[in-house]
Amino acid sequence: MSKAFIYDLTPLELTEALNALEQPGFRTKQLLQGLYNKLYQDFDAFDAIPKSLREALDNQFNITPLKLHSTVYSKNKDTEKVLFETHDGHLIETVLMRFERRNTLCISTQVGCPMACVFCATGQQGFARNLSMSEILGQFIHFQRELRQKNEALRNVVFMGMGEPFLNYENVSNSLYALSDPERLGVGARHITVSTVGVIPRIAQFAKDHPQVNLAISLHAPDDALRTKLLPANKQFPLDNLMKACRDYVKETNRKITFEYALIDQLNDTTEHAHAFAKQLKGILSIVNLITLNPSKDYPYPGSSSMRVQNFRNVLVSHGVRVTVRLRRGIEINAGCGQLAGSIKSNDII
Ligand code: SF4
C-alpha cells in the first residue's frame, strides 16, 4: 500500500492518527512543530519524538509530496519560477516574486484548469485534477525552507497560479487554515489573497470561512458578451449575479474586493469599457488592479499601450474608483499563469 502524505492531514486527523498509535495528547503539538515550524523533511529529524514513533510514522507517511523539476529566473532575478513534479508525474508551477523585500509566492491549486479562459496558458492546457492540501502547502514549504537559509521569509501568498481555487474549495480552505494559523505556517490572513473568476456559490462560503483572507475577482470585461468570450465561465456565472455576490460579500465581511483587469489592446480597453466597468463597481468597496496582458503562445494578442492603460485608469479614477497599475513581471520567463508548464510540454522536454 502506498504511503499517505502527512500534510494532507488536518490537526484533528493527525491527533486521530497518533491516538491510533496509542500516543499521548502532547505528541500532536510536537509533530505539528516539526512539520510546520521547523519544516523537517525527514522523520529522523523529529528529535522531540521517540525513535519508535518516528519509525511508525515513517512507515505510514511521506512528508514531501513534490519533486523539484526545474527553476527559471528572470533577468534581474527578482522573479523565480519553479516547476514541481507531483507523485503521479504532473507538472505544476509556483512563482516567487521578490520586490522591495516583500517576498510574495504565487501558488497553484489545480493541475491545469477547466475554466478555459482564452488568454490563459493554463486554460489552454485543459484540466487533469485538483491538487491535494499537501501539494498546495508543499509549494509554500519549499520556498520557505529556501528563504530561511538566507534569513528571509515569505510574507505574502497569492492563490493566482494554475487552476481555479474555488473549484478545489475544500483543499484550498484547509490550506488557508494551515497558512494563516500562527501555530502552523503563520502568514497573516490579510497577507493572503485568493483569486477567482467568480464561482458564485463559493464566494459566500469563503466570506464565512475566511473573512480575513483577501478576495480578488478576475473580471477582465465589463459586459456579459465580451466576458463570456474571454472567460467562458461567465456563461454559468453571469456578471449581474457575480456583482450581487460581491456586494453580499462586502456586506458580510466589510472587506474590500480587488478586481483584476488584464488590458488587451483595442479589445477591452476603450473609454466605453472603462465607464461600463466603473458602473459595475458602484457601491462595492473595491480596488482595481490593471495589468497589461501577457501574450501566450495560443493567444498572441498584445497588451494595451501605456497610453491606453493611462486613459483607462483615468476614466476609472474620474468615477472615484481606486486603481493600481501593476507592472508586468517576469515576462521573459513566461511568468504568466501556467506558461512555463505549457512551454515545457509543447517543446516535448518531458
Ligand atoms: S485564468 Fe485562472 S481560471 Fe482562467 S483558465 Fe487560467 S488558471 Fe483557470
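This short talk walks through one predicted model, from its domains to its strands, its core, its ligand shell and a few loop residues.

Let me start with the overall division. The protein chain is split into domain 1, residues 4-62, and domain 2, residues 67-346, with the bounds coming from an automatic or database domain assignment. The C-alpha centres of domain 1 and domain 2 are 33 Å apart. Where the domains meet, seven residues of domain 1 are in contact with 12 residues of domain 2, contact being defined as C-beta atoms, placed from the backbone, within 7 Å. On the domain 1 side of that meeting, the touching residues comprise five nonpolar, one polar and one charged. For these classes, Ala, Val, Leu, Ile, Met, Phe, Trp, Tyr, Cys and Pro count as nonpolar, Asp, Glu, Lys and Arg as charged, and the others, Gly among them, as polar.

Helices (H or I, at least four residues) and strands (E, at least two) are DSSP runs, numbered from the N terminus, and two strands are said to pair if DSSP finds at least two bridges between them. Strand 3, residues 67-73, pairs with strand 4 in the antiparallel sense over six bridges, and in this pairing Lys67 has Glu85 of strand 4 as its bridge partner. The two form a hairpin with five residues between the strands, in which Lys77 takes a positive phi near 65°.

Strand 4, residues 79-85, is in turn joined by seven bridges to strand 5, residues 91-99, and these also run antiparallel. Across this pairing Glu85 stands opposite Leu91, and Val82 stands opposite Thr94. This hairpin has five residues between its strands, and Gly89 in the turn has a positive phi of about 90°. Strand 5 then continues the pattern with strand 6, residues 102-106, to which five bridges join it in an antiparallel arrangement. Here Leu96 stands opposite Leu105, and the hairpin has two residues between its strands, with Glu100 in the turn at a positive phi of about 45°.

How covered is strand 4? Five of its seven residues are buried, where buried means 20 or more other C-beta atoms within 10 Å of the residue's own, exposed means 12 or fewer, and partly exposed lies in between, with C-beta atoms placed from the backbone. Lys81 is found in strand 4, and it counts as buried because it has 23 C-beta neighbours inside 10 Å. Its C-alpha atom is separated by 9.4 Å from that of Cys106, which is 25 residues away along the chain.

Turning to the interior, a nonpolar core is a set of buried Ala, Val, Leu, Ile, Met, Phe, Trp, Tyr and Cys residues joined through C-beta atoms within 7 Å. The largest such core has 77 residues, and those with the most contacts inside it are Leu105, Phe140, Val157, Leu179 and Tyr261. Helix 5, residues 133-148, gives the most to this core, with six residues. Leu105 touches Thr94, Leu96, Phe140, Phe143, Leu154 and Val157, leaving aside residues up to four places away in sequence.

Next, the ligand. Which residues are the closest to it? They are Cys113, Met115, Cys117, Cys120 and Gly123, within a surrounding group of 12 residues, each having its C-beta atom, placed from the backbone, within 6 Å. This shell divides into eight nonpolar, three polar and one charged.

Finally, two loop residues. Most residues other than glycine have a negative phi. Glu22, however, has a positive phi near 55°, and its place is in the loop between helix 1 (11-20) and helix 2 (26-37). Glu22 counts as exposed because it has 8 C-beta neighbours inside 10 Å. Asn254, likewise not a glycine, has a positive phi of about 60° and is found in the loop between helix 9 (239-253) and strand 12 (257-263). Asn254 is exposed, with 9 other C-beta atoms within 10 Å.

Methods. Residues numbered from 1 in each chain as written. Predicted model: local features only at pLDDT ≥ 70, side-chain atom pairs only at ≥ 80, totals over all residues. Contact = placed C-beta atoms within 7 Å.
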